[in-house]
Amino acid sequence: MQGSEIKPGERVKDVRFTEDTIAVDLMDGRTIIVPLVWYPSLLNATQEQRRNWRISGAGYGIHWPDLDEDLSTEGLLRGAPSAPEPAEARGRG
């Protein structure tokens, strides 16, 4: 089975938020827009926490240090929401 080919144009250029979406601009001119409900830590974050992002993974990822959250352009292009938190983890804290 052959893996997906990394494409230079799929690197992150910018990240923006609306009330209920995250938009990621790519270097090739495309914009990926997905619902924030797919990423609960970003949904529940403050505007300041959302604005504090860094490009990671050689340009193919986004990292929010305040939230310990990472997204990849590959996952966003696949339309892959974050995995649900296990029930036992939700009960802790």
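In the predicted model, the side chains of arginine 30 and glutamate 10 are joined by a salt bridge, with an N to O distance of 3.4 Å. Because arginine 30 sits in the loop between β2 and β3 while glutamate 10 belongs to the segment before β1, this pair ties together parts that are 20 residues apart in sequence.

The structure holds four salt bridges, one of which links glutamate 74 to arginine 78, with the closest N and O atoms 3.7 Å apart. Both residues lie in helix α3 (residues 73-78), where a spacing of four residues corresponds to about one turn of the helix; glutamate 74 is partly exposed at 42% relative accessibility, and arginine 78 is exposed at 58%.

The largest nonpolar core comprises 17 residues, and those with the most contacts inside it include Val15, Val24, Ile62, Trp64 and Leu76. Strands β1, β2, β3 and β5 each contribute at least two residues to this core, the largest share, three residues, coming from β2. Beyond residues up to four places away in sequence, isoleucine 62 touches, among others, Val15, Val24, Trp53 and Leu76.

Glutamine 49, located in helix α2 (residues 47-51), is partly exposed at 24% relative accessibility and, neighbours within four places in sequence aside, is in contact with Trp64, Asp66 and Leu67.

Note on methods
Residues are numbered from 1 along each chain as its sequence is written. This is a predicted model: local features need pLDDT of at least 70, side-chain atom pairs count only at pLDDT 80 or more; totals for chains, interfaces and linings use all residues. Side-chain values use heavy atoms; hydrogens and water are left out. Buried means under 20% relative accessible area, exposed over 50%, partly exposed in between (1.4 Å probe, protein chains only). Contact means heavy atoms within 4.5 Å. A nonpolar core is a set of buried Ala, Val, Leu, Ile, Met, Phe, Trp, Tyr and Cys residues joined through side-chain atoms within 4.5 Å.
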